[in-house]
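I opened my notebook today to look up a few things in a structure, one entry at a time. Come along and check each entry against the picture.

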Amino acid sequence: MGQDHIRYDILAQDALRGVIRKVLTEVAATGHLPGEHHFFITFLTGAPGVRISQHLKSKYPEQMTIVVQHQFWELKVSDIGFEIGLSFSDTPERLVIPFNAIRGFYDPSVNFELEFDVAAAEEEELESAEITAYPVPETDGEVPPKDADKSSEAKNGGGSVVSLDSFRKKN
């Protein structure tokens, strides 16, 4: 087989990141998420272009997961990433996240998930640290448990996970 000079793996990842860009752009335009949709977005905190507070960076130096659901503000989307305001333990924070820093995107309301390889060579050495910011729902004030939105089907391996590893040429 010949060498892939076109780099289809990179093109495919860029196209799938375009899905995230399109969805966030629509949410930014309306100011809210449609129906029951909400997003778990996992990203590398040390990736180029990521801007988070020193407090969050020191607490989660490698990776974190945010949840975009009821309480977020000033969502701005560009060609290269997005900015969003979220609250962490009642402290408002402004995050800037380039699309290239995203490792995962999950919408549990429809069991849709995307996974990306981000800085694959460096990442194998990283330990995963996760923060999940659950905004307080506007109606009852309860904070959902950590896995409240992940359906049993997703936990048991059902659903759609798109992984690009099988399409990559191994050197």
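**Entry 1: a first question.** Which residue in strand 2 does T42 stand opposite? I looked it up, and T42 faces T65. My ground rules come next. This is a predicted model, where local features need pLDDT of at least 70 and side-chain atom pairs count only at pLDDT 80 or more, while totals for chains, interfaces and linings use all residues. Residues are numbered from 1 along each chain as its sequence is written, and side-chain values use heavy atoms, with hydrogens and water left out.

Entry 2: I noted what the names mean: helices (H or I, at least four residues) and strands (E, at least two) are DSSP runs, numbered from the N terminus. Two strands pair if DSSP finds at least two bridges between them. Strand 1 (residues 39-44) pairs with strand 2 (residues 63-68) in the antiparallel sense, over six bridges. Within this pairing I also found F43 opposite M64. Strand 1 is joined to strand 6 (residues 102-107) as well, by four bridges, and these two run antiparallel. Here F40 has Y106 as its bridge partner.

**Entry 3: how covered are they?** I used these cut-offs: buried means under 20% relative accessible area, exposed means over 50%, and partly exposed is in between (1.4 Å probe, protein chains only). Strand 1 is largely enclosed by the rest of the structure, because six of its six residues are buried. In a regular strand the side chains alternate between the two faces of the sheet. I saw F39, I41 and F43 pointing one way and F40, T42 and L44 the other way, all of them buried. Strand 2 is mostly covered too, with six of its six residues buried.

Entry 4: I then turned to three strands that form an open sheet in the order 3-4-5, with antiparallel pairing. Strand 3 (73-77) and strand 5 (91-98) are the edges, each pairing on one side only. From one strand to the next, the twist averages 20°. Helix 1 (residues 8-30) packs on this sheet and touches strand 3 and strand 4; its direction makes about 140° with that of strand 3. For such angles, axes are lines fitted to C-alpha atoms, for helices over the stretch in contact, and the angles run from 0 to 180 degrees between N-to-C directions. Strand 3 meets strand 4 (residues 81-88) over three antiparallel bridges, and V77 stands opposite F82.

**Entry 5: the core.** A nonpolar core is a set of buried Ala, Val, Leu, Ile, Met, Phe, Trp, Tyr and Cys residues joined through side-chain atoms within 4.5 Å. The largest one has 32 residues, and F43, I66, F82, I84 and L95 touch the most other members. Helix 1, strand 1, strand 2, strand 4, strand 5 and strand 6 each supply at least two residues of this core.

Entry 6: Is R17 buried or exposed? R17, in helix 1, is buried, with a relative accessible area of 5%. Leaving out residues up to four places away in sequence, R17 touches F99, N100, I102, F116, D117 and V118; contact means heavy atoms within 4.5 Å. E113 belongs to strand 7 (residues 112-115) and counts as partly exposed, at 22% relative accessibility.
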